[in-house]
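Here's a structure to get to know. Let's walk through it with a few questions.

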Amino acid sequence: MQDSLTRELLERLYVQHEKALYNIVYRWVWNAQEAQDLVQEGFLKLWEARSRVDSESVEAYLYRVVLNLAAKRHRWHKLRRFLPGITLANTADEQEERDGLHHLERERAMSNIRLALNKLPHRSKQTLMLCEFSEFSYEQIAKILNIPVGTVGSRRTNALRSLRFQLERQDGNDNHE
Amino acid sequence: MSRTTEHLDPFEKLTPPAGGLNKLRERLTDDRSLYPGWIIGGVLTATILAGAVGLSLQEVAMPPSAFESHLLSQLERYEQAEAILVVGPDRDIASLSVATSNPNVVFYWLEF
């Protein structure tokens with residue numbers, strides 16, 4: 001994209017993709033502010049790399065960068081558990097507070113969803129999140145993840161099956177408590 | 001899907017915090033350069049520590065406010081690292097004893 005990514009175009013891309021990217025990243029970090037920061041970090045990286053990114057690939061590049069940032073932040077969160085002296089970001093889920101459902105019930109349900117999504121294999125989760133939130137075609141998702149188109153569908157199916165299994169198992173455990 | 005989760009959709013489309021575009025504009029104009037003075041001091045510290053424990057050591061020292069974004073940028077360079085250890089000045093010795101059990105640890109010195 002030789003000098004064709006202007007600030008105006010970048011901002012237009014942000015408006016167009018912010019919500020999808022935010023929802024994808026949120027399923028890794030589970031924190032509203034952190035998810036937004038990571039999405040913006042992806043746009044900053046795209047801006048820094050604008051001379052090297054082909055115009056045909058700009059969206060794929062953006063999603064790939066943001067997915068990588070989310071995965072790295074998730075890894076960082078896992079490592080932070082072993083570092084009690086480090087000041088941690090607030091991991092409270094502000095979205096939960098605003099919901100009309102009973103807080104404890106929702107908290108428990110959200111916790112189950114987090115656990116189930118966090119247990120998905122990394123690649124399956126990436127594929128599933130892109131399918132659910134990006135509104136891209138399988139062909140476009142295949143390009144972002146650099147995998148065959150058929151693999152997108154099979155990964156999505158397997159991820160959904162695994163997610164359902166995890167949620168049903170957790171529900172069974174809850175009902176036995 | 002289940003009794004406890006039937007009210008919630010795992011793929012519920014959440015709305016990002018307001019003001020994202022303005023925040024992005026601000027970040028685009030920020031000076032994102034690092035802090036050379038802090039890094040030089042940190043490198044000296046790191047060299048001494050690396051020699052003491054025999055680690056392959058990568059070290060950064062900088063104000064906490066800049067640390068997180070720098071750490072994330074550095075993660076890209078260390079894809080193969082098995083772990084990343086972050087310590088503050090008051091617990092360096094204890095943390096180093098953890099690091100020595102893994103030769104692939106990337107070690108950061110966080111200076112306040």
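Q: What share of the accessible surface of chain A belongs to carbon and sulfur atoms?
A: This is a predicted model, where local features need pLDDT of at least 70, side-chain atom pairs count only at pLDDT 80 or more, and totals for chains, interfaces and linings use all residues. Residues are numbered from 1 along each chain as its sequence is written, chains are lettered from A and ligands numbered from 1 in the order written, and side-chain values use heavy atoms, leaving out hydrogens and water. Accessible areas come from the Shrake-Rupley method with a 1.4 Å probe, and for residues only the protein chains shown count as cover. Chain A's accessible surface comes to about 8,800 Å², and the part belonging to carbon and sulfur atoms is 49%.

Q: How many helices and strands does chain B have?
A: Helices (H or I, at least four residues) and strands (E, at least two) are DSSP runs, numbered from the N terminus. Going along the sequence, chain B reads α-α-α-β-α-β. That gives chain B four helices and two strands.

Q: What percentage of the residues in chain A is buried?
A: "Buried" means under 20% relative accessible area, "exposed" over 50% and "partly exposed" in between, with a 1.4 Å probe and protein chains only. Chain A has 177 residues, and the buried part of them is 53%.
For chain B, with its 112 residues, the figure is 44%.

Q: Is A:W30 buried or exposed?
A: Look in the loop between α1 (7-29) and α2 (32-48) of chain A, and you'll find A:W30. Its phi is positive, about 55 degrees, although A:W30 is not a glycine. The relative accessible area of A:W30 is 6%, so this residue is buried.

Q: Is A:N146 buried or exposed?
A: A:N146 sits in the loop between α7 (138-145) and α8 of chain A. This residue, other than glycine, also has a positive phi, near 60 degrees. Its relative accessibility is 70%, so A:N146 counts as exposed.

Q: Which residues does A:Q170 touch, not counting those up to four places away in sequence?
A: A:Q170 is part of helix α8 (residues 149-176) in chain A, and it counts as buried because its relative accessibility is 9%. Its C-alpha atom is 9.0 Å from that of A:L115, a residue 55 places apart along the chain. Taking contact as heavy atoms within 4.5 Å, the residues that A:Q170 touches are A:N112, A:I113, A:L115 and A:A116.
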